[in-house]
Amino acid sequence: MLITEPNLERPDDFYEALLAAHQDLTLEQSHDLNARLVLLLANHVGRLDVLQAALAAARANLNGSSR
Amino acid sequence: MSNVVDYQQLEFEYRKSPDQDAAAPAHHALVVVGAGPVGLSLAIDLAQRGQRVLLLDNDHKLSTGSRAICFAKRTLEIWDRLGVGQRMVDKGVSWSVGRVFFGSQEVYRFDLLPEAGHERPAFINLQQYYAEGFLVERAMELPNLEIRWQNKVSALAQEGDRVTLTVDTPDGPYALTAGYVAACDGSRSPLRGLLGQESKGRVFHDRFLIADLKFDAPLFDNDAAERWFWFDPPFHRGYSVLLHKQADKVWRLDFQLGWDADPDAERQPERIVPRVQQVLRQGFGRELPFTLEWASVYTFACLRMDRFRHGRVLFAGDSAHGVSPFGARGANSGVQDAENLAWKLDAVLRGRAQDALLDSYASEREYAADENILNSTRATDFITPKSEISRLFRDAVLGLARDFAFARRVVNSGRLSVPATLDGSALNSADGDGFQAALRPGAPAVDAPLVKNGKPSWLLRELGAGFTLLVFGPAPAWATALDVGTVAIDGAVLRDEQGLAAQRYDAAPGTTYLLRPDHHVAARWRKPDAAAVRRALHQALMPC
């Protein structure tokens, strides 16, 4: 089961850390970082059904799509 | 023949057959079309089983160029049964270690056969003309196997229980009839075309250059034979390069060129030599003299026929399915097709099974082809990313692989050929007793070292050509009444001194496996009775 209820220990600290990690990077480097982050977290989660649910949730209602 | 035969130059003589002057078409129970590795393996297997076989080939030479060079452990085990495994291994280059580079840095190393206690290596690399040459020589030892060179099938008609073939020869066409036809006539399969069938799937828009190079000096200091794969190396930016060793000090370099490359220009030596020099300078830090033996520019597709059986015509090997070369799943899966088909045709012709058994050839090997195509397609998507985002993730995986073990499992430079476990086959009897999953019904038997009468032997060597009851313990008295061979690891004649057979087969005293003639598991029990084995045997011969 993909957890979509609040689960982050300290949401504001996490968000700040995420932006800080991208500090001073070119857009290309930021893309690389994001891709690596996805892969590291995916391995941490491990379960394919949870990852598939996360992929579907991320893909639904993307910014810039018609609805 | 002596061992100095130049297999690349060998030509086989066309001989006129009495069939060509016969008043009515001669009848042959079994006709195999295509004398490549698949057709030859099938014809030899059938002939060894006592069948009379006619093998037709449209050419009179062996493979032009080295082509399929990676022959997997399973193929070698099949060829052992056909009497040519040792020659292949002696001539080929055994290897199991691969290294993967990203840019100029090694990101990881893998060993395809990390455990000891197997007779055969994970792979040998051997030029296809040697493999075909050794198979042809074996075929020529079998009096009930006839090869007709320069016999090209030009028409095919099926009616009732026979197939009529028109065969073109240097003396003109003749007709013959066949009980069954095995179409092993390659990726462009003329027989497939004659039946109005096609092989469908995904075509990849990319070109690759193969260059076979002969070096007098060893390329590596320790003369190692390893598969080296570079993603985006400094000597071929943006593309991949693969290096591996073959017999006779020949190395193959395989360059990804991209779709826009000009195939005619790229296969010219003046284009290839500087590419190779750059690999040597930047990949190995030195210059070495070499000669260019053979070069080819190729494209590939992952595809298959919808059905491998069309009446009395059965398709095997590249005629039935195609994959990318990453993973060495072409020739290896074709040889597995051949061995799946051989015992079934034999059983049907002997009246031991009904014609419907041949339907299971198609369904089992279609399932295996899907597995091969899936693996091959995934490797191709990793090796040749089709979009910016897929390249981004690919490079991120490679970047992480240096430091993190998990990412090495995601790196895909080709998932190298292993035989399919035929899950879901109608020939399997489901496990009734508790077992570990590895050698479940449908799985191919695995090797283990044994001792027979005090001398070293191997488990797979002990298995016969028919159905085999593999017993961990003394053979039960009722086994002699069944139409199966028995191999009893009884601790007396046959001993499992290292305990590896018991470990690999999850065996306790009394554990019994029923193995098919192609050495796939049909059923297994902790302590069966004769009735259970009879039922499983029936299931494996008469699927309904």
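Here are a few questions and answers on how the labels used for this predicted model come about.

Residues are numbered from 1 along each chain as its sequence is written, and chains are lettered from A in the order in which they are written. As this is a predicted model, local features need pLDDT of at least 70, side-chain atom pairs count only at pLDDT 80 or more, and totals for chains, interfaces and linings use all residues.

Q: What makes both faces of strand β2 (residues 53-56) of chain B count as covered?
A: A residue is buried if 20 or more other C-beta atoms, placed from the backbone, lie within 10 Å of its own. B:Val53 and B:Leu55 on one side pass that test, and so do B:Leu54 and B:Leu56 on the other.

Q: How do you know that β2(B) pairs with strand β8 (residues 145-148) of chain B?
A: Pairing takes at least two DSSP bridges between the strands. These two have four, in the parallel sense, so they pair. B:Leu56 stands opposite B:Arg148 there.

Q: What about β2(B) and strand β1 (residues 26-33) of chain B?
A: Three bridges join them, also running parallel, and B:Val31 has B:Leu54 as its bridge partner.

Q: Why is the crossover from β1(B) to β2(B) called right-handed?
A: The chain gets across through helix α1 (residues 37-48) of chain B. With the strands pointing away from the viewer, the path from the first strand over the helix to the second runs clockwise, which means right-handed.

Q: What makes residues of chain A and chain B count as touching?
A: Contact means C-beta atoms, placed from the backbone, within 7 Å. Six residues of chain A are in contact with eight of chain B.

Notes:
Contact = placed C-beta atoms within 7 Å. Buried ≥ 20, exposed ≤ 12 C-beta atoms within 10 Å, placed from the backbone.
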